[in-house]
Amino acid sequence: MFPFSFEWIWDMDHVVFMGGLWYALTILGIGMTYCIIKAAIDACRGNDEHHH
Amino acid sequence: MSALDNNAKEIAEDAGGEELATSSPEINQKEQDNRSAGPVILFFIIGLFASLILGWIIFPKLLYSKKKQPIDFNHVLHVAEVEDGCESCHFFREDGTYSGVPKLEQCIDCHEEIQGDSPDEIKFVEEYVSKGREVPWLIYSRQPDCVFFSHAAHVKGAGMDCVTCHGHIGESESLKIYEENRITGYSRDIWGKSIGGFKKNTWDRMKMDDCAECHREKTANIERTDVKTPTNRLIDHLIDMVYPGTSKSGKGGSIQTERDACFVCHK
Amino acid sequence: MKHKKAKKYGMVINLDKCTGCGSCMVACMAENNVPFRKDESDKLLSITWMRVYKLTNGKPFPNTDICYLPRPCMHCEGQHEGHSPCVTVCPAVATDYNIETGIVSQIYTRCFGCRYCMASCPYKARYFNWWDPVWPDGMEKYLSPNVSPRMRGVVEKCSFCFHRYQMAKEKAFMEGRRKLKEDEYQTACTQACPAGAITFGDLNNPNHAVYRMVKPDPKHHGRPTNPNAFRLLERLGTNPKVYYLSSREWVRRVGDNYLKNESIAKKTVHQG
Amino acid sequence: MKIDRRSFLSFLIGGAAGTTLSPLTWKLMDDSAIWTQMWPWTPVPEDGEASYVNSACSLCSGGCGITVRKIDDRAVKIEGMKGHPLNNGGLCILGLSGLQLLYGPTRVWTPLKRVGKRGRGRWEKISWKGAVSEVAETLGDLRKKGQSHTAGIISGSDRGTVPRLFDRFLTVYGSPNLMRTSSIIDSYELTLHLMQGVQALPGFDFENADFILSFGSGIVDGWGSPVRMFRANSTWCNTGGKVVQIEPRLSNTAAKSDKWIPINPGTETALALGIAHVIIKESLYDAEFINYYSEGFEDWKRFVLDEYGPDSVATITGIDSATIIALASSFARASKPLAICGRGQGTTPGSLNECTAVHALNALVGNINKKGGIFAVAEPDYINWPEVEMDARAAVGMQKDRLDGAGSKKYPFSRHLLNRLPQAINSGEKYPLKALFVAGANPLYTMSDSKAVKKAFDKVPFVVSFSSYMDETAQNADLILPNHAYLERYEDIPTPAGMPKPVIGLSRPVVKPLFNTKHTGDVIILLAKAMGGNIADAFAWNSYDECLKETLGYKWRVMVEKGFWSHPDFFVQTHEESFDTVSGKFEFAPKETGSLKQFKPVKIEGDKTNYPLLLIPYDSIRLANGVVGDPPFVMKSVDDTVLKGTDVFIELNPKTAGEHGLREGQLAMLSTPVGKARVKVHLFDGIMPGLVALPRGLGHTAFDDYLAGKGINFNELIGPVEDSVSGLDAAWGIRVKLAKA
Amino acid sequence: MDSALIPRGVKRCSLWQFLLFISVVGAVLLWGVYAMLLCWIKGLNQTNMNDYYGFAIWIWADLAVIAVGGGAFFTGLLRYIFGKDELKSIINYAVLIGFICYSSALLILAYDIGQPLRGWFIFWHANVHSMLTEVAFCLSCYFGVLTIEFIPLILENRQIDRVPFFHHLSHNMHEIMAVFAATGVFLSFFHQGSLGGVAGVLFGRPFAFREGILIWPWTFFLFTWSAAACGPCFTILITKITETVTRKKLVKDSAIELLAKISGWMILTYIIAKTIDTWYWATVTAPSLGQTLMDFYSNNPLYGIWILFAEIVICGFVPAAILITKKGRKNSVALWIAVILAVVGVCINRWVMVLQVMAVPVMSFDYWAMYFPSWQEIATTILPVAYGIILVGLAHRYLPVFPDESELNPIETLPAEEEETVEPPVDLEQELKPAGA
């Protein structure tokens, strides 16, 4: 799973597979972090301009 | 008024008249009052430290039970007495198997009678030698049943020293407390003293990854016939340029891990 | 970097000699600490690394014929080295192909029991530990320390008695050798077979009996050139390392699937 | 400061962050996985020093050499002994699983005395001293009353030191009733005695024979010394030796043979004579042997030529005459042809006529005492103990007729007729049996017509079993004096029957006795000493081990070193010195057996109208049917077309099944004149229509849960049929009817 | 009592009625949990699986719920990537159903393995060549995506929404939902596909084995395709059932019809591809391995050629034909039939690719293996259904799952509690069936 895992090999298979996985996880992670931080900031500011 | 009460009140209000309960500025104001960051951060830090202390200090104390060896043993004293060093007592058998911790049979040569007046010696002779009972030693380096470890391959084949894996136990004057993992039943020496799994010396830990570390460098080189596809070969070369030595060309016997094959160390 | 030539341990079973006596099955069970239960008559739940199948030619009396076929794990090599049906599918690398010996390993402590490998094996050579292994009181005394008993919930299979290889290597190390002689590493079933029907050795070594018996063709994934030799389900492309010899054509034909009017010679190996 | 919800939440988040950064979760996850890898209830075999001990296997009479692998003081694996003249490294399925008997749950741990009714399984532990004195007392009482002849012994063998100690004991005690379990060897001994005038065992030189004509002998199904036979069969594969198997069912042997000739069951004798007919008619016989070394050939020739022409034999046997002629021709023309008999594993002696007819075929081709032929092997006379001194009581007892009628006027040549014992006890016509010892045998399971055997046992007031395991007989005994298991004791294993060259194996203690057991040899010596007088005098040894060492003399050293002893200068006898008959020649038509004209086939039980089908047993090497039953591993190897759950399968030709409206796997009720059983149907093309085959070796009621209560004991369905000449059991099957259950 | 938690402008049944409903379904859930614990504590000997049937009903249930849960990713794709705004009416429910399906799938995987405590090995010691690894990774990640998609809906609960942080969080997540949805589509493509790959790569099993491109057998693409095609049908089906049970219109017809139309064309193209695949496999792949089509469909008591007919024609071409015609979509009965057939079809396909694969003998002397699940297997398979019903009940009651509900069902009288609809127990069964399918 990680490059330091016993099973890891630097080959095409691992790079593609785990690359895809980490890519997806990164997007999700960054996205959620962004949302949470922004929400926290918005909440502190009392920012309430949007309606839905 | 605590936030909890506050909330309850809100719910009560809701139940009474729904039309009132649009996000009223009044309530928002209340929330805002409580919104000083101080306690929040403080509690975060308290939580953080409490759990860190729990995880790093209390947890290992709970995880391991401490056991005393049946009798104490002085390696220094014995090493001085014998000719062949470690192998005098921890010897190889003819079929290549390793004898491990000596049996009574070996000790009896010298310890038929009590030697000196240490209480452990007296206990050893009286409790074990004369009764013919084997000493139930707690073995620090005992590996689980799934592990196949060939001392012959390492000592005779690769010419390794005992110290590399076992540390300087031969220079100890008494046996340390044996710590047993309450869940797994392993000796703590397998995971290592450090709960975080960090190590300084080769002998600090005896988990699979520690074996693998050495095996990665000294692995068998085998001619692989048609393992790789051309793309893989290409990538190999690229990686070899960036990280020399990490490419898989001509490495160990496992098709999956390109390390030594699983059966090399497992049974 | 210096390379050494890999070994490819394999087995040749002479079905003309095999009498179906079952010694190989029991020798294997005794060697490998295989557990047993009160009722083992449901063969779908019975762990037999080596299983002897009874084949019949399907003809009515008195032209009936039967033949026994011992089936260990085939240690498939696949169409490219190590592409055996089971090794590639194991999600946790609990089963692995060893290039040095050609042996497919199974690491019981790594296996988490998903059973995908069992689904992938056309030979049904893999067995799941549905129950905790239990030996009657006192009987665990005969368990061999060279093979670890498996716990409930994992898959197990024939290992070509790999521990014997390890033991032979240990002895060799003691004697300052690295190479093993042909007779130093033999599986328990080979040794026990009273009919001498099983031969075991290195298929890459022309001096070994197994090589001389089947003469594997390296250009066609080890396909035997001996006309009496065949492998089970050869055309699936599993490239097994267990060869069978039979002088009877119907037996050789039962070893694989054929379309109605297809002759044995016509088959092609499928790219798997 | 107020601890509000947000602070609490914040605390939790901090805690979660800290926990993630601490080893707690990760280590627990790892450790819980490791816990599953080290479950305390999964045994971990202890490692230690490996060693190997050579010994001999005595689980059957095959006498294979074994090498037992040990780790410290545990035996962990049995392997065949490399270089052993019989098995050279190979070993049979039963021998390989021997450790399951040694360490198994069926061992009898200590001497046991029955409490409550017999066979209820309630026992009390007694001391060896108490046990021996109880036996001594009972035997002493009988002897005092002048009834010493009412004591008897059923022994698995009459060769080797332990059976001979029993024999010696019985002689000096005063009873003629030592009965050995019977087999095809009885018929062969008798045949050799009648035709060649010798007291010897048959020895077959399979390794050098090139044409085996087997009248139903399960060459690879456990006949003879099983592993030797497997090896011989493989030798023929290499050398091109041919095997022709004659039997109504496609057994493994038939499948391995070069030609399988199905025959109407029970008509093998006719076929043998039909083959003889062709050989004589076409003058294919060995004229030199016939002319110079045989007697009575002309009479026999006339008889064979008159009555057994190919056409009439074809009618009897169901084999067409062309096949018979071709078979005769290829048999006679082979360079080293060998004809053998004894159905399946040869557990039933069979008809003497059959054995003599088959043996005559060997004589016709002159293959007696010749390389690749059949030998009369004299017992290696290593047991040379001083003659016993019988007192008056013993002499009187020994004068009495044997209870089984062996050696009587009716059956003067037979030595043991165990099959007649149940009837003799049940009818009560001679004298009752008051004490019975059973050693190395399990008659309550292995003897046919189980019900009658049980009834006879019930009539014997004092039954002592020497079994190491809780078998059927031990279960129904009054006293069990458990022997050491075979891997815990010294014992000589005499040449297995069928071996042309004498080999004595040495069974020796691989492990120290696990339980409070005692060597049966020692028990006999102790018993003799307890009885005192000249009985004690006849047993001067202090222990069995001493006796064995002394008996074997110089051989002992060799045996300890190699694990066996084989005759160093074994030689082939010439025809001149081979035959010890009145004429000094081979007798084709021994006068003692009566006129050839009275030759009759064996009639089996049951009538055709009520029992339209024929039931025959079949033997499998995977089903032990002797002294011990299948250990768990061997049970595991039994196919699911033989046993499923607790149901045994009968084999039925699809045609016969169709006639009875039976499908694969269907339950059916099998009834014979002797018994009934519920079975399942397995359709098998390889069995002759009209026949039903049932495996031997199942249906145990004793031993452990891995074996007991599964399937049917064939012996419950069949009774013995007395051979008119020998008195041995000649039954090859029984009539049967089959109905849907 | 809990009216404060109930979304504004909608009517819900009284709490006790709701609790009664939950406890009935909860009893079934507990039965399943009991069976699950048995499997965990005593091991997989509680099942009727064996060495021939190493994969059985659980793996089928797993594949099936993921296939029908495919509605979430496909609807998400249409809504967020292709901007089909009509689907706003149903997207929440699609996500919820997807969430239930995927969490069920993970749960099933957790008790389907022989060593549950070692389950994490599949991640930590991953073998990237195994289709099952791909399944595990993409499945868990996509479950994460579904959770992310589900969170805003939870945050929209009236009480939670009051907390400004959650309010903003929900809003922010909505803002970038397209990114999450796109990631979800990416992951879904691979795990749906790799589930097909699980069977398709088995070159030792001619019945399952398919050729393909690179490492992906054709089943890889067929599985993704069929999930995208039939998943929305399941969403429609569950919506229809919910509407029936609650006796309310919850989703606008336009949304349903759009989804049905797209689904119809997807099914049609899928089933054509599937037919070609079957044809090629039956005439080229299998014969090259020495077997004919009928070898797979005869000599056994269950698997006949009917199964192929049912899967391709009855549950493939028929629903496709209904859904691509406007008349068919508009006709309520036809729509019902079509979505049910489509869901059954994809379930048959998964069944065939798991259970029939195990049943077919490969060695010429081997035999067909038949299997029937034990009660523990059945209970644990029903467990996710019960769990799904409870979650749907809770979500429907407390979360604004259907944005158009208040518009479609304007409230006339104000104190609404008394005359709320009651879930008739008869309908429970109706709800059980398709959710479990």
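**Stop 1: a helix pair in chain E**

Select helix H1 (residues 15-42) and helix H14 (residues 375-398) of chain E, whose axes come within 8 Å and cross at roughly 145 degrees. The crossing of H1(E) with H14(E) is left-handed. Colour the residues of this contact by class: 19 are nonpolar, 5 polar and 1 charged. Please bear in mind throughout that the model is predicted.

**Stop 2: the nonpolar cores**

Which residues have the most contacts inside the largest nonpolar core? Select D:Ile275, D:Val692, E:Cys230 and E:Val343, which hold that position in a core of 489 residues. Next, highlight helix H13 (residues 332-359) of chain E, the element that gives the most to this core, with 17 residues. Another core, of 7 residues, lies apart from the largest one; among its members are B:Tyr186, B:Ile190, D:Ala33 and D:Ile34. As a general background, nonpolar side chains tend to be buried together in soluble globular proteins.

**Stop 3: chain C on its own**

Hide the other chains and display chain C as a cartoon. Its secondary structure consists of 7 helices and 12 strands. The C-alpha atoms of chain C fill a box of roughly 55 × 55 × 40 Å along the principal axes. The radius of gyration of chain C is 19 Å, which agrees with the value near 19 Å that a compact globule of 272 residues would have. Of these 272 residues, 68% count as buried. Among contacts in chain C between residues at least 6 apart in sequence, 61% join residues at least 24 apart.

Then centre the view on C:Pro62, in the loop between E2 and E3 of chain C. The peptide bond that leads from C:Phe61 to C:Pro62 is cis, with omega near 0 degrees.

**Stop 4: the interface of chains C and D**

Bring chain D back into view. Which of the 9 pairs of chains in contact shares the most contacts? That pair is chains C and D, with 54 residues of chain C in contact with 62 residues of chain D. On the side of chain C that touches chain D, the elements giving two or more residues are helix H1 (23-31), strand E2 (51-56), strand E3 (66-71) and helix H5 (188-192) of chain C. H1(C) gives the most to this side, with 7 residues. By class, the residues on this side of chain C divide into 26 nonpolar, 14 polar and 14 charged. Chain A, by contrast, does not touch chain D, and the nearest C-alpha atoms of the two are 13 Å apart.

**Stop 5: D:Leu96 and its surroundings**

Select D:Leu96, in helix H3 (residues 93-96) of chain D. Is D:Leu96 buried or exposed? D:Leu96 counts as buried because 32 C-beta neighbours lie inside 10 Å, where the cut-off is 20 or more. Leaving aside residues up to four places away in sequence, D:Leu96 touches C:Ser23, C:Val26, C:Ala27, C:Ala30, C:Ala192, D:Ile78 and D:Leu91. Also display D:Pro631, which is 535 residues from D:Leu96 in sequence and 10.0 Å from it in space, C-alpha to C-alpha.

**Stop 6: two loop residues of chain D**

Move to D:Asp72, in the loop between strand E2 (65-71) and strand E3 (74-80) of chain D. Phi of D:Asp72 is near 50 degrees, a positive value in a residue other than glycine. With 13 other C-beta atoms within 10 Å, D:Asp72 is partly exposed.

Finish at D:Asn88, in the loop between E3 and H3 of chain D. Phi of D:Asn88 is also positive, near 30 degrees. D:Asn88 counts as partly exposed, with 17 C-beta neighbours inside 10 Å.

Key. Residues are numbered from 1 along each chain as its sequence is written. Chains are lettered from A and ligands numbered from 1 in the order in which they are written. This is a predicted model: local features need pLDDT of at least 70, side-chain atom pairs count only at pLDDT 80 or more; totals for chains, interfaces and linings use all residues. A nonpolar core is a set of buried Ala, Val, Leu, Ile, Met, Phe, Trp, Tyr and Cys residues joined through C-beta atoms within 7 Å. A residue is buried if 20 or more other C-beta atoms lie within 10 Å of its own, exposed if 12 or fewer, and partly exposed in between; C-beta atoms are placed from the backbone. Helices (H or I, at least four residues) and strands (E, at least two) are DSSP runs, numbered from the N terminus. Two residues are in contact if their C-beta atoms, placed from the backbone, lie within 7 Å. Ala, Val, Leu, Ile, Met, Phe, Trp, Tyr, Cys and Pro count as nonpolar, Asp, Glu, Lys and Arg as charged, and the others, Gly among them, as polar. The radius of gyration is taken over C-alpha atoms; the globule rule is 2.2 Å times the number of residues to the power 0.38. Axes are lines fitted to C-alpha atoms, for helices over the stretch in contact, and angles run from 0 to 180 degrees between N-to-C directions. A crossing is left-handed if the near helix is turned anticlockwise from the far one by less than a right angle, and right-handed if clockwise.
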